[in-house]
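User: I'd like to learn how to read a protein model feature by feature. Could you walk me through one?

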Amino acid sequence: MMQEPAKKRQEERHTILPVSISILETAIAKSSESESGGLLIHGTEPGMLLLVGVVEAWSRQAMSIEFRINDATGRMKARYYVTGNQTKEVEEIAAGQYVSVFGSVRTAPELHFAVAGMRLVRSADEISYHMIEVAHSSVKLQNSGIEPITPESKKQLSSMQLDSTAVPQVAQTTKEPSTPAKVGLEGVALRKAVVGFLKSEGDGRPEGVEFGALCSHFQPVTPGDLTKALEHLVDAGDVFTTIDDEHYSCV
């Protein structure tokens, strides 16, 4: 009976977990305050970690390559030990290029990311996809094991029932003042307001902000106009979808 949990833990440690530098910094700060000192990400002891970011301060030594990696959430020193199996792609990496690296966090001789392998990023989409995977993994880890399935489904059902009773009231209040005198945001002003709302409401929420919450906040802007504004921001690279097409977050 005791071997099965140990086997499951070993399997979990061998998976590669997509993370951001800000998540690592939070986990490192918490580990220094805990008694065990172990690095836990959302309560889980990770195996290999995956980062995507731009290379800064590239320095090649006799036995290693040292650099900083910046993923727009933070910067961290990284070290990659050169081996005889080093690929040509690694030799072509230089400062200013985006890379995908996997490895683990080390605190000795100083705090750094010990790179086990790395390669150049092949397209800009890969950067956005990585951040989406980071958000998805964070939500999955945070929600795992919080409550049994049955109580959680009951809570969701009750919240849906409450929402269904509240919707007609909201519809009634919006119908009464539906006159030409109502003025809503549009164009550049609407897009700026959306970005500001996502930054304030999406802080600390890896899953992002739901489209319904955006519609409620920006009334009387129509869902169609709000969708066009979001599409414009996504195309510009200022906003991206997270766990599905109905949740948005800022880059």
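User: Let's begin with V139. Leaving aside neighbours within four places in sequence, which residues is V139 in contact with?

Analyst: Contact here means heavy atoms within 4.5 Å. Keep in mind that this is a predicted model. Once neighbours within four places in sequence are set aside, V139 is in contact with P206, E207 and I243. V139 sits in helix α4. There's also a pairing across the chain: V139 and R205 are 66 residues apart in sequence, yet their C-alpha atoms are 8.6 Å apart in space.

User: Is V139 buried or exposed?

Analyst: The cut-off for buried is under 20% relative accessible area. V139 has 16%, so it counts as buried.

User: How many residues does α4 have, and what length should they span?

Analyst: The check is simple: take 1.5 Å a residue and compare with the distance between the end C-alpha atoms. The 19 residues of α4 should span 27 Å, and the ends are 27 Å apart, so the two agree.

User: Now pockets. How do you go about finding one?

Analyst: Rolling a probe the size of a water molecule over the atoms shows where empty space is left. In this model, the largest pocket has a volume of about 1100 Å³. Its lining is made up of 41 residues, and those nearest the centre are S20, S22, T73, M131 and C250.

User: Which element gives the most to the lining of the largest pocket?

Analyst: That's α4, with seven residues. Several elements supply at least two lining residues each, among them α2 (21-33), β2 (48-60), α6 (187-201) and β9 (247-250). Sorted by class, the lining has 20 nonpolar, 16 polar and five charged residues.

User: S20 was one of the residues nearest the pocket centre. Where is the place of S20, and what does S20 touch?

Analyst: S20 is in the loop between β1 (16-18) and α2. Not counting residues up to four places away in sequence, S20 touches L51, D71, T73, M131 and V134. With a relative accessible area of 4%, S20 is buried.

User: What about nonpolar cores? What's the general idea?

Analyst: In soluble globular proteins, nonpolar side chains tend to be buried together. Here, the largest nonpolar core has 27 residues, and L24 and F113 touch the most other members. At least two residues of this core come from each of α2, β2, β3 (64-70), β4 (75-81), β5 (98-106) and β6 (112-120). Of these, α2 gives the most, with five residues.

User: What does L24 touch, not counting residues up to four places away in sequence?

Analyst: L24 touches V19, I41, L49, L51, M76, V105 and F113. A second, separate core has 18 residues, including V195, F218, V221 and L233.

User: Zooming out, how many helices and strands does the protein have?

Analyst: There are eight helices and nine strands. Of the 251 residues, 32% count as buried. For contacts between residues at least 6 apart in sequence, 58% join residues at least 24 apart.

Notes: Residues numbered from 1 in each chain as written. Predicted model: local features only at pLDDT ≥ 70, side-chain atom pairs only at ≥ 80, totals over all residues. Heavy atoms only, no water. 1 Å grid on protein atoms, 1.4 Å probe; cavity = no way out; pocket = protein on both sides within 12 Å on 5 of 7 lines; lining within 4 Å. Points joined across faces, edges and corners; volume = space filled by probe spheres on them. Helix = DSSP H or I, 4+ residues; strand = E, 2+ residues; numbered from the N terminus. Nonpolar A, V, L, I, M, F, W, Y, C, P; charged D, E, K, R; others polar. Expected span 1.5 Å × (residues − 1). Core = buried A, V, L, I, M, F, W, Y, C linked by side-chain atoms within 4.5 Å. Buried < 20%, exposed > 50% of the residue type's maximum accessible area, 1.4 Å probe, protein only.
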